[in-house]
Amino acid sequence: MAGEDYFRIPDPVSRKARLDEGLKDLNIRFLHMDPPLQITNGTRREKRPNGRGYRYALTCWKKFMKAARIKVRDQVHYSFDENEQVLSVERVVPYVKRTK
């Protein structure tokens with residue numbers, strides 16, 4: 001889910017991308033757009049709240065969200081290609097506020 005202050009990289013993706021071995025830029029493909037778009041985005045490391053290990057997020061997340069037309073709280077469906085080291089955004093489901 002897209003947050004207000006970050007776009008955190010899911011743990012399985014950060015492991016496959018080997019971000020624990022060193023921060024690097026990620027290539028990101030927006031397959032949900034017509035025509036598909038590809039950008040390169042930096043990564044950053046932050047300490048987990050429990051103090052055990054790190055988690056990873058995209059730098060310049062606002063640029064990423066704007067390029068991908070993702071709004072806060074949208075649900076993002078993705079895949080990661082280990083061979084090409086590319087994060088593909090396959091689908092974005094807009095957030096719908098529930099009414100009582």
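The points below go through a sheet, a loop residue beside it and some backbone details.

1. Please keep in mind that this is a predicted model.

2. Let's start with the open sheet, whose three strands run in the order β1-β5-β4 with antiparallel pairing. Its edge strands, β1 (8–9) and β4 (43–47), each pair on one side only. Between β4 and β5 (residues 54–58), the antiparallel pairing covers five bridges.

3. Next, have a look at Thr59, in the loop between β5 and α2 (61–68). Which residues does Thr59 touch, leaving aside those up to four places away in sequence? They are Asn41, Gly42, Thr43 and Arg44. Thr59 and Arg8 are 51 residues apart in sequence, while their C-alpha atoms are 9.5 Å apart in space. Thr59 is partly exposed because its relative accessible area is 26%, between the 20% and 50% cut-offs.

4. Now for the backbone. Most residues other than glycine have a negative phi, and most peptide bonds are trans. The bond from Asp34 to Pro35, however, is cis, with omega near 0°. Pro35 sits in the loop between β2 (26–30) and β3 (37–41).

5. Two non-glycine residues deserve a look for their positive phi: Arg73 at about 80° and Gln85 at about 55°. Arg73 belongs to the loop between α2 and β6 (75–81), and Gln85 to the loop between β6 and β7 (86–93). Is each buried or partly exposed? Arg73 is partly exposed, at 43% relative accessible area, whereas Gln85 counts as buried because its relative accessibility is 17%, under the 20% cut-off.

Methods: Residues numbered from 1 in each chain as written. Predicted model: local features only at pLDDT ≥ 70, side-chain atom pairs only at ≥ 80, totals over all residues. Heavy atoms only, no water. Pairing = 2+ DSSP bridges. Helix = DSSP H or I, 4+ residues; strand = E, 2+ residues; numbered from the N terminus. Buried < 20%, exposed > 50% of the residue type's maximum accessible area, 1.4 Å probe, protein only. Contact = heavy atoms within 4.5 Å.
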